[in-house]
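Please look through the structure shown below before reading on.

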Amino acid sequence: MNNLRSSFKLEPALFALTLLVGVALRFYALGDLPHGIYHDEAYYGLDAVSVLEGARPIFFPANNGREPLYIYILSLSVAAFGRTPFDLRFASAVIGTLTMPVTYLLGRALFNRRVGLLAMAICAVTFWPVALSRVSFRAGALPLFLGLAIALGWLGLARRNLLLAILGGAAYGLAFNTYTAARVTPLALGVMAVLVLWRRANCQFALQWREMFAFILAAIVVVAPLGFYALAHPEQVFAREGQVSIFETE
C-alpha cells in the first residue's frame, strides 16, 4: 500500500519535472538559436501577416503549398507579440510544449502511466521534437494533433464514450490541416486497427461501431473544406508530392 501511494505521489513530480525540462529546452534563447531566419520561416511569417491583413485561404499555395492550421495559429502569435524571430517561433514552441503532455496521454491510453512518462521524457529531450519546436515550421504541429486524435479515439472506444470519440475524430481532421505527411496516416491507422483485431480475435471483444463511426464522421467534417479545395485545385495541394515522386522525370 505504501509503495502504491508513493507511485501516485511520484508520478506528478516526474511529470512536472519532465515538462519543466522540455519547456526550458524549447524556450531558452528562442529568438537567437538557431541563428537567423530560415527561408521557410520567412514564408510562414509573410503568410501570417497576410492573414492579419484579411486573407482567409483554405490552403496557402506559396513555397510548394502548405496546409493552413499552423499559419493561422502563427498569425495569433504575430498579432500578439510582433514580428521578431522570437515571435515568429513562439507558436512552434507552444505547440512543442503541448505535444509533451499529449504524448504522455497517448502512452498512458495505449499502455500505462510508466510508458506515458517515458514517452513524454523522450519527447521532451530528444533532438527532433526539440528542433521542430524551435523553428517556425508546420511539421511540428502534426504530432500534437495526431497524438491527440489517437489518444482520444482510443479512450472513446475503450470507454464507449461518444464525446471522446468525436473529439478524437475532430483532432484527426485537424491533423490533415497541419502537414502533408498526415495524408499517409490512414494507412498506418488501418494497419494498427488490423493488428488490434488480430490480437483480440480469440477474446470476447465487441467493436464499438457507434464510437468508430463518430470518430470517422467528425474527421470527415473537419477535413472537408481542405478536401474540397484539393479536388478543385490538385495542382496546388499535390504539387510537393509530384516534385519528390520517383516518377518525376525532372
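Patches are made of residues with over 30% relative accessible area and no salt bridge, where like charges are joined within 9 Å and nonpolar side chains (Val, Leu, Ile, Met, Phe, Trp, Tyr) within 5 Å. The salt bridge named in that rule is a side-chain nitrogen of Lys or Arg within 4 Å of a carboxyl oxygen of Asp or Glu, and accessible areas come from the Shrake-Rupley method with a 1.4 Å probe, with only the protein chains shown counting as cover for residues. On this surface, Leu-17, Val-21, Leu-25 and Val-125 form a nonpolar patch, and together they have about 320 Å² of accessible area. Helix H1 gives the most to the nonpolar patch, with three residues, and Leu-17 has its place in that helix.

The model is a predicted one, in which local features need pLDDT of at least 70 and side-chain atom pairs count only at pLDDT 80 or more, while totals for chains, interfaces and linings use all residues. Residues are numbered from 1 along each chain as its sequence is written, and side-chain values use heavy atoms, with hydrogens and water left out.

## The overall fold

The protein chain holds twelve helices and zero strands, where helices (H or I, at least four residues) and strands (E, at least two) are DSSP runs numbered from the N terminus. The C-alpha trace spans about 55 × 40 × 35 Å along its principal axes. With 250 residues, a compact globule would have a radius of gyration near 18 Å, and the 20 Å of the protein chain agrees with this; the radius is taken over C-alpha atoms, and the globule rule is 2.2 Å times the number of residues to the power 0.38.

Buried residues make up 36% of the 250 residues in the protein chain, where buried means under 20% relative accessible area, exposed means over 50%, and partly exposed lies in between (1.4 Å probe, protein chains only).

A cis peptide bond, with omega about 0°, joins Leu-33 and Pro-34, and Pro-34 has its place in the loop between H1 and helix H2 (39-52). Ala-29 also lies in the loop between H1 and H2, and its phi is near 50°, a positive value in a residue other than glycine. Arg-160, in the loop between H7 and H8, has a positive phi of about 55° although it is not a glycine. Ala-29 counts as partly exposed at 25% relative accessibility, whereas Arg-160 counts as exposed at 52%.

## Aromatic rings

Rings of Phe, Tyr and Trp (its six-membered ring) pair if their centres lie within 6.5 Å, and planes under 30 degrees apart count as stacked, over 60 as edge-to-face and the rest as tilted. By this rule the count comes to twelve aromatic pairs. One of them is the edge-to-face pair of Phe-15 and Tyr-104, with 5.2 Å from centre to centre and 75° between the planes. Because Phe-15 lies in helix H1 (residues 2-27) and Tyr-104 in helix H4 (residues 85-110), this pair ties together parts that are 89 residues apart in sequence. Phe-15 counts as partly exposed at 23% relative accessibility, and Tyr-104 counts as buried at 10%.

Ring pairs also link Phe-27, Phe-81, Phe-86 and Phe-90 into a cluster. Elsewhere, the charged end of Arg-66 sits over the ring of Tyr-44, 5.0 Å from its centre; a charge sits over a ring if NZ of Lys or CZ of Arg is within 6 Å of the ring centre and within 35 degrees of the ring normal.

## Salt bridges

How many salt bridges does the rule give? The count comes to eight salt bridges. Glu-11 forms one of them with Arg-108, the closest N and O atoms being 3.8 Å apart, and this pair links distant parts of the chain, with Glu-11 in helix H1 and Arg-108 in helix H4, 97 residues apart. Glu-11 is buried, with a relative accessible area of 11%. Glu-11 also forms a salt bridge with Arg-113, where the closest N and O atoms are 3.0 Å apart.

The side chains of Arg-138 and Glu-67 meet in a salt bridge of 2.8 Å, N to O. Arg-138 lies in the loop between H6 and H7 and Glu-67 in the loop between H2 and helix H3 (69-81), so the pair ties together parts that are 71 residues apart in sequence. Arg-138 counts as buried at 6% relative accessibility, and Glu-67 counts as buried at 0%. Salt bridges that share partners join Glu-67, Arg-138, Arg-183 and Glu-241 into one network.
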